[in-house]
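I opened this entry to look at how two chains meet and then at one residue in its surroundings.

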Amino acid sequence: MSAVVKTHKLSKWYGRVLGVNDISLEITPGIKGLLGPNGAGKSTFLKIAAGQLKPNIGRMYLFGHDIRRRRKVFGRVGYCPEYDGFYLEMTGRQFLAAMLRLQGHPRATASEMALRALDKIGLTDRQDDIIKTYSLGMRQRLKIAQAFAHEPDLLLLDEPLNGVDPVWRYRVMEMIRDFGRQGKTVIVSSHILAEIESLTDDIILIHQGQVFAQGDIHYIRDLIDTHPHQVFIRTARERELAAVLAGEPSVSGIGFEDGGMMVRTTNRDSFFQHLMDCIVEQKFDVEEITSPDDNLQAVFDYLIGR
Amino acid sequence: MSFFPAFGAVFAIFIRLGFRKKRTRLFVFLAFLPLLLLAVIAIVGAFVESRDFSAPIFFSKIAPTYYLQFLVGIMAVFFSTSVLAEELDDKTLPYLTSRPAPRGAVLLGKFTAYFAQMGAVLMAGVICSFVAANWERLDRWVVWADFLQFCFALLLALLTYGAVFLCLSTFMKRTILFGLVYLFGFESFVQYLPGFTQKLTIIHYVKSLIPQVAVEYSFLVVRLQPSSLSGSILTLLFVSLAFLALGWLVFSRKEYVV
């Protein structure tokens, strides 16, 4: 299968701040998750692909064309930026029709396609209201709609689910999956593992501007699962609960801090199963269970330190 | 997508959008302000009889100075710098530049839309004020000839100032401040200097199109040594085209980090 996106030693920096560094990869059709903590370089990568930034070193090719030399290729690309920026005085319908006109569609076709996209994204009822009156979630959906309304072959989505309510989060995910099933290419960035996990198995891990790993998501999931994990529990009977948990093989240490207890585990799934059993069977009144390092940054820190 | 369809699409978007901006409402008010003053003059004139305080005199002396030396410059600074600045401030630039439309078409399409809109607002204000002030003299063709020349000078000034400030805004921050200093600092100062220096300003060529405006009503004596009519028109057109081309070039190549 030929690569839709291909980069060769791609580097970009902003003054002394590194955006992406020496990225060489090939992305084939399907859904590709771009995963990394905030500031990892995901948005920079997508901005270069969308023609918003120029690499300092290296090349990027879309559909075999060098993006610096062939602007026409952007007719096959849909880009959803991360920012909540809009022409607030326009209505939703006018906005989408305008964006479609800029893709080269005649007025009548643009109008029809805009209505279809509005229907798909659930904004038909509000199509003639100005964007200023939309909620954050509605604006986010409109932003996604402008990216796919012209039916591109490559969809670049930068944190597309930010601010979208749970119902529409599910529907947008279904739309993205549909897009992938049509044999098109979607690159979706997120710093939330679960979000990417529900969309695709195929991921690129970016950290400090570099591709850290790529391939099957189960690989990173395994790494996370073996990563020593901390769980903070607050309960009135903390000493009693600590005594019960201490006998569990998955628990590697227990400490007391900030009015609660911090448990370290090497097997998260087994530990949580055991914890739930204890809470239910022995009727512990638990006020709080949080995982301070249940995020990608902690995983990356752990992986780098290995 | 080739240049002209992209230019047309961008123009169509922003000619409509521009009229909904608060800035446009402010300029509508400023363009029609002389009309308001004419109404005041008419009311005062009903009680006080004075040959120096009539509506035609007001329009022929004060209004041209107001439109030519104040409003055109202000309008040009704000509309032309906003072409790019509002895209960056509102983070909407990616919607325009991630499309197959040539970047030059995006910049010039939006500039032309805003220019057309500001020109329409300006002309509406000027025409209404002129008609109201010269209601009893509208049958004299000389009055109309002078007025048309004045309108042409206003539009050419708006285009030239707009092109210059648009170009500067593609690579410079705080273009508004620079523009205001240029308009009300440099240009105001230089016009009192005799010799070649005043030919380094846009206002010199604009005033050369209607030289009588500047000579009579000024706090200081303005030593306008007008250039020829055709020379002034060609200079203003050349400056406009050169700065638009330079702005196009910069915008097509420069990277804007949103």
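How many residue pairs are in polar contact between chain B and chain A? I found 13 residue pairs, both residues at pLDDT 80 or more; a polar contact is a pair of N or O atoms within 3.5 Å, where within protein one must be able to donate a hydrogen and the other to accept it, and residues adjacent in sequence count only if both atoms are side-chain atoms. On the side of chain B that touches chain A, the elements giving two or more residues are α1 (3-18), α4 (93-97) and α10 (229-253) of chain B. The largest share, six residues, comes from α1(B). Helices are DSSP runs of H or I, at least four residues, numbered from the N terminus.

The model is predicted: local features need pLDDT of at least 70 and side-chain atom pairs pLDDT 80 or more, while totals for chains, interfaces and linings use all residues. Residues are numbered from 1 along each chain as its sequence is written, chains are lettered from A in the order in which they are written, and side-chain values use heavy atoms, without hydrogens and water.

I noted two salt bridges across the interface of chain B and chain A (a side-chain nitrogen of Lys or Arg within 4 Å of a carboxyl oxygen of Asp or Glu). A:E89 and B:K21 meet in a salt bridge at 3.7 Å, N to O.

Next I looked up A:E195, in helix α6 (residues 193-197) of chain A. A:E195 counts as buried because its relative accessibility is 6%, the cut-off being under 20% relative accessible area with a 1.4 Å probe, protein chains only. Its side chain makes a polar contact of 2.9 Å with that of A:R169, and another of 2.9 Å with that of A:S190.

Conventions
Buried < 20%, exposed > 50% of the residue type's maximum accessible area, 1.4 Å probe, protein only.
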